[in-house]
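Please examine the sequence and the structure shown here. The briefing that accompanies them is arranged by topic.

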Amino acid sequence: MSGMRASGCAALVLALVVALAACSNEPVAQPPPAPIPTPQREPTRLVVGVDDMGAGFNPHLLAHQSPVTTTLATLVLPSVFRADADGTMRLDPTIATSAEVTATEPFTVSYELNLEASWSTNAPIAAEDFVYLWEQMRSQPGVADAAGYQLITEVRSRAGGKAVDVVFAHPYPAWQHLFSDLLPAHILKDAPGSWTGALTDGIPASGGPFRVTQVDRARGEVLLARNDLYWDTPTVLDELLLRRLGPQELAPALAAGDVDVAMPEAEPAIRTALGGLQPPPDLQLAPEPVVTQLGMRADGGPLADARVRRGIAMLLDREAIRAAVAPESLPADAFGLAPSQSGYASTAPADAPLRPDPAAAAQLLASAGWSRDLTTGRWAVAGGPVSLVIGAANQRLEDVDVARAVAEQLDAAGIDVTLVGPSAVDLFGQAAVSAVPPSPSPTPSPTTQPGAAGETPVPSTPAAPVTTSAAAATTTPALPATPGGVEVDLMVLPRTVGDDPGTELASDYGCPAPTALVPDPPRPPTGFCFPALRPALDELVSATPRPETAGAVEQVLWAQLPFLPLFQPVNLVVSTPAAGAATGIGPGPLTSGPVTGAQKWRATSE
């Protein structure tokens, strides 16, 4: 048996040797060749030049009004209705399939929302977004066009949030102007300070064809990309880049092809810089949906008396201010419609303070108890020199220029002035602000700016205070900072235009009474509250306003003068021939601007 086992083992070993020998003669298989990498397609991009980044991107805040905010709201935020070129409100079917009055007692509007409409976070665009906007507009300070929202008594959700019933205190014919530029409630509603803070450096979610992917304030850029979760026709472009350019940078950038279109403020320096380009760019005028005005504090301080406010206005040369700051803007002589709007006409009475009249100003000021030293020419009241505080938001560069021009003229008229530059949100929303001097530099404040989602925060460089000769000659040193700050007597601020005129008058010059829903309504920016105006303003947002009521309101405002209208800013829409052909860009409707329809724009290289 042992011999048989030995021979068996030998046979097995021999078989293995033969097998190994056979394997060693086989050719070794070569690995398959590595796949050739497919080159990544460069994203199609169009670059838009802009003047300034603005203070933030909440379109419902006066503090954040700017061409960039209008652009982002148009392309990123959902609206139930949108205005066409003539101002007619049209239902946007990508957001709502229907919106109509369904009851008169109480007045109720019902919205059926598009089932596919959703935010770029995959959350549905739903009733909670209506509720959030309504709650903020009725209770937050410094908002634009709040009067319609203040009439709402209830917002009800149906169909899992995809249907909404909005109940009003009384019939409101302008209801189609509400619920534009909805904000993502699921992100903002529970975050403290999110109404302003979350939209200072971006928009956290998109409900439109583009989404904001990066905001770089240090470089002056906002990058928008196609919203891949958009449920309707996708954008043709992959990216749209907004880039801040100064007047001397725009022409070289256009010539080099670094910028395709631009929306700078119209001014002679821009036209001169563009004059040598070949082929010449196309230039179109596009008024902004705001009017710049000078607000006068009416609830206390040296300007509480209407005679003083009118006297101050008669010391100012509005045309000189406009010519120095915005020479191609449109002079504004009304409190309602803007100069670019159909039906606009000056509403100023014969005695309106439209131009300087030092003699009439002196009479008004003297009647209010002011006196002027015949030796020094300086004004005094109650035994002490008159000293006014003028506020302009530090992030709103043109407002600062206006404030400096006003300060220069008042100083020349014998009134001591101090110029302060708090944040726009504080200036338009608080009675007292920090007594910090403004700087005309566009550099952000010396803090780390939070970026949009996916963006690394960029440390900002402190802006060096810049003092012009005019400022040095016409302003006193900044007031000492106190825990409560200083109260501003005059402020430069925007007034939004382009929506329902009656609602805008009621929003801008009314003072809402306390209600059960809002027991402590926010103070208007200048504190103006004239109870005798309330019945007329209420009529303007009712079902049957009389044609003459708006005119009567204007006459009261000229007499009380809580604001002095100055001008409507105007932008240039600049496009190279190639960009004009690829985009068809034009001024667009007043409230949405030149980027209206940008989802159909093509790259100039196509």
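The points that follow concern a sheet, a disulfide and an arginine.

This is a predicted model, in which local features need pLDDT of at least 70, side-chain atom pairs count only at pLDDT 80 or more, and totals for chains, interfaces and linings use all residues. Residues are numbered from 1 along each chain as its sequence is written, and side-chain values use heavy atoms, with hydrogens and water left out.

- Seven strands form an open sheet with mixed pairing, in the order 8-9-10-1-11-26-12; strands (E, at least two residues) and helices (H or I, at least four) are DSSP runs numbered from the N terminus.
- Strand 8 (210–216) and strand 12 (282–287) each have a single partner strand, so one side of each edge strand lacks a neighbour in the sheet.
- Helix 2 (residues 67–76) packs on the sheet and touches strand 1, strand 8, strand 9 (221–226), strand 10 (239–244) and strand 26 (570–575), where contact means heavy atoms within 4.5 Å.
- The direction of helix 2 makes about 145° with that of strand 8; axes are lines fitted to C-alpha atoms, for helices over the stretch in contact, and angles run from 0 to 180 degrees between N-to-C directions.

**Strand pairing**

- Strand 8 and strand 9 run antiparallel and are joined by six bridges; two strands pair if DSSP finds at least two bridges between them.
- D216 has E221 of strand 9 as its bridge partner.
- Four residues lie between the strands of this hairpin, where G220 takes a positive phi near 75°.
- Five antiparallel bridges link strand 9 with strand 10, and V222 is partnered by L242 of strand 10.
- Strand 9 is largely enclosed by the rest of the structure, because five of its six residues are buried (under 20% relative accessible area; exposed is over 50% and partly exposed in between; 1.4 Å probe, protein chains only).
- Strand 1 (residues 45–50) and strand 11 (residues 261–262) pair in the parallel sense over two bridges, with A262 the bridge partner of G49.

**The disulfide**

- One disulfide is found in a search of the whole structure, defined as a pair of cysteine sulfur atoms within 2.5 Å.
- C511 and C529 form this disulfide, with an S to S distance of 2.0 Å.
- The disulfide is right-handed because the torsion about its S-S bond is about 60°.
- C511 is buried at 13% relative accessibility, whereas C529 is partly exposed at 40%.

**Arginine 310**

- R310 lies in helix 9 (residues 306–315) and is buried at 12% relative accessibility.
- A polar atom of the R310 side chain lies 3.0 Å from the backbone oxygen of D351.
- Beyond neighbours within four places in sequence, R310 is in contact with residues including D351, W558 and L561.

How values were computed. A polar contact is a pair of N or O atoms within 3.5 Å; within protein, one must be able to donate a hydrogen and the other to accept it, and residues adjacent in sequence count only if both atoms are side-chain atoms.
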